[in-house]
Amino acid sequence: LDVSEIGFGGHSWAYKRVPTADGDFRKVSIDEAVEMIRIGMEMGVNFFDSCTPLDESATPGEALKRLKARDRAIVRIRVSHKMKGAENDKHEIYKWTEERLKLWQTDYVDLCLLCNTENDTPQSGYWDMSYSIEALDKIKQQGKIRFTGFGCHFTPELFL
């Protein structure tokens with residue numbers, strides 16, 4: 001993958017960060033997202049990240065559609081923070097991925113990371129990843145994911 005050094009993070013779209021006249025904050029509108037992404041792409045940005053909130057996928061997905069720029073974007077998703085090391089993990093990943101594909105308005109994503117938070121699993125973040133890996137392999141074979149990986153917000157010790 002030829003990924004730009006700077007990218008758009010999903011939180012750019014999901015949280016109220018634009019100042020308003022009354023001192024409050026609001027989310028970025030779709031039209032503003034289109035303009036931001038257009039300018040970013042003109043400057044060489046091609047990486048788009050998303051995680052849990054639906055806006056993190058829906059907003060840039062709509063912007064890329066309007067710009068007709070999906071083929072120039074590297075889209076990364078993370079599968080849900082619900083992995084428990086159980087066979088049902090496969091179904092969670094299938095459901096999560098299909099939902100994200102619809103939100104991004106695409107047939108595939110470039111990168112999908114397995115990700116849990118520290119308190120999601122019984123052993124402070126450790127879980128049997130075999131079912132998750134099996135599910136991602138199947139989705140890769142279907143052409144819905146190009147690359148897979150593992151990511152987390154853990155300390156380096158937990159990451160290992």
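The following legends describe close-up views of a predicted model.

View 1. Five strands form an open sheet in the order S1-S4-S5-S6-S7, with parallel pairing. Strand S1 (7–8) and strand S7 (145–150) stand at the edges; each has a single partner strand, so one side of each is left without a neighbour in the sheet. In general terms, strands of a sheet pair through backbone hydrogen bonds, in either a parallel or an antiparallel manner.

**View 2. The pairing of S1 with S4.** Strand S1 runs parallel to strand S4 (residues 47–49), and 2 bridges join them. Phe 8 has Phe 48 of S4 as its bridge partner. Phe 48 is also one of the residues that Leu 64 touches.

**View 3. Helix H4 across the sheet.** Helix H4 spans residues 88–104 and lies across S4, strand S5 (74–78), strand S6 (109–114) and S7. Relative to S5, the helix runs at about 145°.

**View 4. The surroundings of Ser 50.** Ser 50 is located in the loop between S4 and H3. With a relative accessibility of 1%, Ser 50 counts as buried because the threshold for that class is under 20%. Leaving aside residues up to four places away in sequence, Ser 50 touches Gly 10, Glu 56, Ser 57, Arg 76, Ile 77, Arg 78 and Trp 104.

**View 5. The surroundings of Leu 64.** Leu 64 belongs to helix H3 (residues 55–67). The relative accessibility of Leu 64 is 2%, so this residue counts as buried. Beyond residues up to four places away in sequence, the contacts of Leu 64 include Ile 37, Met 41, Ala 69 and Arg 70, together with Ala 73, Val 75 and Trp 104. Trp 104 is likewise touched by Ser 50. Leu 64 and Gln 105 are 41 residues apart along the chain, and their C-alpha atoms are separated by 8.8 Å.

View 6. A disulfide is a covalent bond between the sulfur atoms of two cysteines. The count of disulfides in the model comes to 0, the criterion being a pair of cysteine sulfur atoms within 2.5 Å.

Terms used
Residues are numbered from 1 along each chain as its sequence is written. This is a predicted model: local features need pLDDT of at least 70, side-chain atom pairs count only at pLDDT 80 or more; totals for chains, interfaces and linings use all residues. Side-chain values use heavy atoms; hydrogens and water are left out. Helices (H or I, at least four residues) and strands (E, at least two) are DSSP runs, numbered from the N terminus. Buried means under 20% relative accessible area, exposed over 50%, partly exposed in between (1.4 Å probe, protein chains only). Contact means heavy atoms within 4.5 Å. Two strands pair if DSSP finds at least two bridges between them. Axes are lines fitted to C-alpha atoms, for helices over the stretch in contact, and angles run from 0 to 180 degrees between N-to-C directions.
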